[in-house]
Amino acid sequence: MDTSNPAVFVNAELLHAYMGRKVRTVIQVMRSDGGTVIGKSTDEKQLVLKGSPPVPLTTYVEVIGIADSDQSIRAEIWNNFGDTFDMYNYNQLCILANGEYKHLFI
């Protein structure tokens, strides 16, 4: 397993701290317009995902990509997570992975 460039767990609030770096997040898809997907982050904020999403998209999607701005990610990997997902627990994971327990995450 290559750990030289890990993807940091983020929500929309944390995205600005990782500009130009590899991140991963889960969104609830609100709409898709070809190469752009608009979604709601686990912390209830809007994110824009750029790239080539899978067809069809499920309600919840994980993306791994480069933080483009404080509201957008250039997605490299898309994973459909189905139509039910616990957004609250994932948001708590993002907070832990960027806070006191950061050392436990790659």
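Asp-68 forms a salt bridge with Lys-50, the closest N and O atoms being 3.2 Å apart; a salt bridge here is a side-chain nitrogen of Lys or Arg within 4 Å of a carboxyl oxygen of Asp or Glu. Asp-68 lies in strand E5 and Lys-50 in strand E4, so the pair ties together parts that are 18 residues apart in sequence. The model is a predicted one, in which local features need pLDDT of at least 70 and side-chain atom pairs count only at pLDDT 80 or more, while totals for chains, interfaces and linings use all residues. Residues are numbered from 1 along each chain as its sequence is written, and side-chain values use heavy atoms, with hydrogens and water left out.

Both partners of this opening pair are partly exposed, Asp-68 with a relative accessible area of 30% and Lys-50 with 35%. In these terms buried means under 20% relative accessible area, exposed means over 50%, and partly exposed lies in between (1.4 Å probe, protein chains only). Salt bridges that share partners join Lys-50, Asp-68 and Arg-74 into one network. The elements named throughout are DSSP runs numbered from the N terminus: helices (H or I) have at least four residues and strands (E) at least two.

By the rule stated above, the count comes to six salt bridges. One of them is formed by the side chains of Glu-62 and Arg-24, at 3.1 Å from N to O. This pair links distant parts of the chain, with Glu-62 in strand E5 and Arg-24 in strand E2, 38 residues apart. Glu-62 is buried, at 7% relative accessible area, whereas Arg-24 is partly exposed at 22%. A further salt bridge brings together the side chains of Glu-44 and Lys-40, at 3.6 Å from N to O. Here Glu-44 is exposed, at 59% relative accessibility, and Lys-40 is partly exposed at 25%.

Ser-41 is buried, with a relative accessible area of 1%. A polar atom of its side chain lies 3.1 Å from the backbone nitrogen of Ala-12. Leaving aside neighbours within four places in sequence, Ser-41 is in contact (heavy atoms within 4.5 Å) with residues including Asn-11, Thr-25, Val-26 and Met-87.

The interior can be followed next. In soluble globular proteins, nonpolar side chains tend to be buried together. A nonpolar core is a set of buried Ala, Val, Leu, Ile, Met, Phe, Trp, Tyr and Cys residues joined through side-chain atoms within 4.5 Å. Of the 17 residues in the largest such core, Leu-15, Val-23, Leu-49, Val-63 and Trp-78 touch the most other members. Helix H1 (12-15) and strands E2 (22-33), E4 (46-50), E5 (60-69) and E6 (72-80) each supply at least two residues of this core. Apart from it lies another core, of five residues, among them Val-26, Tyr-60, Met-87 and Tyr-90.

Helix H2 comes next. In H2, Met-87, Tyr-90, Asn-91, Cys-94 and Ala-97 are buried. They cover an arc of only 125 degrees around the axis, taken from the directions from the helix axis to the C-beta atoms, which puts them on the same side of H2. What covers these buried residues includes strand E1 (8-9), H1, E2, E3 and E5.

The segment after helix H2 (87-97) holds Asn-98, which is buried at 18% relative accessible area. Polar atoms of the Asn-98 side chain lie 2.7 Å from the backbone oxygen of Phe-9 and 2.8 Å from the backbone oxygen of Cys-94. Not counting residues up to four places away in sequence, Asn-98 touches Val-8, Phe-9, Leu-14 and Tyr-18.

How values were computed. A polar contact is a pair of N or O atoms within 3.5 Å; within protein, one must be able to donate a hydrogen and the other to accept it, and residues adjacent in sequence count only if both atoms are side-chain atoms.
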